[in-house]
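Here is a short report for a first reading of a protein model. Keep the sequence and the 3D view open as you go.

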Amino acid sequence: MGEVDAAFIQDPPHRPKLSTIQAEGIPIIDLSPITNHRVSDPSAIEGLVKEIGSACNEWGFFQVTNHGVPLTLRQNIEKASKLFFAQSAEEKRKVSRNESSPAGYYDTEHTKNVRDWKEVFDFLAKEPTFIPVTSDEHDDRVNQWTNQSPEYPLNFRVVTQEYIQEMEKLSFKILELIALSLGLEAKRFEEFFIKDQTSFIRLNHYPPCPYPDLALGVGRHKDPGALTILAQDEVGGLEVRRKADQEWIRVKPTPDAYIINIGDTVQVPV
């Protein structure tokens with residue numbers, strides 16, 4: 001990724017602002033009432049459910065702390081990610097995604113027809129993942145997707161699988177809280193994700209950009225799935241659109257927290 005070509009340049013209304021408003025009031029929610037098993041306080045859990053419901057309704061996303069994910073696992077996958085992306089383009093492209101499966105390395109992704117200034121590596125949570133060939137309910141043909149693993153770092157697959165297991169645990173905890181906030185049974189959504197799912201982990205790498213006023217790591221978008229769990233490092237850069245005034249505001253990184261984005265699958269118009 002050298003100088004910026006036309007494929008990366010955002011239309012003027014959507015270009016990055018050099019001075020961005022820092023977000024205020026974004027919910028930071030402590031999950032210890034459900035992750036600290038030594039203490040069981042029904043009133044604390046009830047308060048947590050209300051916090052989750054309010055955050056989903058007013059913001060559509062929130063940050064969680066005391067989430068139960070071991071810090072060592074997060075450190076391990078961050079290290080593996082850095083080692084992989086530090087390799088030459090030739091090495092990384094040995095595990096490029098292909099026509100038979102979307103898992104693997106990719107560096108030409110577009111958002112709203114503008115190329116993103118990033119590299120990614122996708123790894124499926126469930127292997128193999130089966131995808132219907134068509135939307136016809138009477139057509140039982142499926143495509144089978146499998147993962148690719150780079151030769152370096154050597155422990156890439158193991159580290160990634162361990163991390164995915166923890167992300168799945170956290171996802172189901174959050175889905176339970178969302179269900180409770182809607183007055184539903186805690187396990188109401190579980191049946192939709194236990195058996196058939198297309199969950200995946202994405203490792204993002206944003207190389208330095210010589211023209212940061214023209215290009216974006218990822219353009220404006222909504223997430224189509226149920227939940228996105230984002231680990232933001234100390235560099236930051238995430239911006240969200242505030243509902244009240246439609247301004248783009250920057251989310252300040254919170255150490256060891258995860259950002260939860262409610263995807264289109266879970267959002268229901270009121």
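## Helix H2

Start with helix H2, residues 42–58. Helices here are DSSP runs of H or I with at least four residues, strands are runs of E with at least two, and both are numbered from the N terminus. H2 has 17 residues, so at 1.5 Å a residue it should span 24 Å; its end C-alpha atoms are 24 Å apart, which agrees. The expected span is 1.5 Å times one less than the number of residues. This is a predicted model: local features need pLDDT of at least 70, side-chain atom pairs count only at pLDDT 80 or more, and totals for chains, interfaces and linings use all residues. Residues are numbered from 1 along each chain as its sequence is written, and side-chain values use heavy atoms, leaving out hydrogens and water.

Which residues of H2 are buried? They are Leu48, Val49, Ile52 and Ala55. Buried means under 20% relative accessible area, exposed means over 50%, and partly exposed lies in between (1.4 Å probe, protein chains only). The arc is taken from the directions that run from the helix axis to the C-beta atoms. An α-helix has 3.6 residues a turn, so residues three or four places apart point the same way.

The buried residues of H2 pack against strand S2 (28–30), helix H1 (32–35), strand S3 (61–65) and H5. Contact means heavy atoms within 4.5 Å. On the face turned away from the buried side, H2 carries the exposed residues Pro42, Ser43, Lys50 and Asn57. Just after H2 comes Gly60, with a positive phi of about 85°.

## The open sheet

In what order do the 3 strands of the open sheet run? The order is S4-S7-S10, and the pairing is antiparallel. The edge strands are S4 (104–106) and S10 (200–205), and each pairs on one side only. From one strand to the next, the twist averages 20°. Two strands pair if DSSP finds at least two bridges between them.

S4 and S7 (residues 119–124) pair over 3 bridges. Tyr105 stands opposite Phe121 in S7. H5 packs on the sheet and touches S7 and S10; its direction makes about 70° with that of S7. Axes are lines fitted to C-alpha atoms, for helices over the stretch in contact, and angles run from 0 to 180 degrees between N-to-C directions.

## Helix H3

Helix H3 (residues 71–85) lies across S4, S7 and S10, at about 55° to S10. Its buried residues are Leu73, Arg74, Ile77, Ala80, Ser81, Phe84 and Phe85. Seen down the axis of H3, they fall within an arc of 130°, so they line one face of the helix.

What covers the buried residues of H3? The cover includes helix H4 (89–92), S4, S7, H5, S10 and strand S14 (258–262). The face of H3 turned away from its buried side carries the exposed residues Lys79 and Lys82.

## Two single residues

Ser171 lies in H5 (residues 156–181). Its side chain reaches the backbone oxygen of Met167 at 2.8 Å. Leaving aside neighbours within four places in sequence, Ser171 is in contact with Leu227 and Ile229.

Pro132 is in strand S8 (residues 129–132). Beyond its neighbours within four places in sequence, Pro132 is in contact with Arg141 and Val142.

Conventions: Polar contact = N/O pair within 3.5 Å; in protein donor to acceptor, adjacent residues only side chain to side chain.
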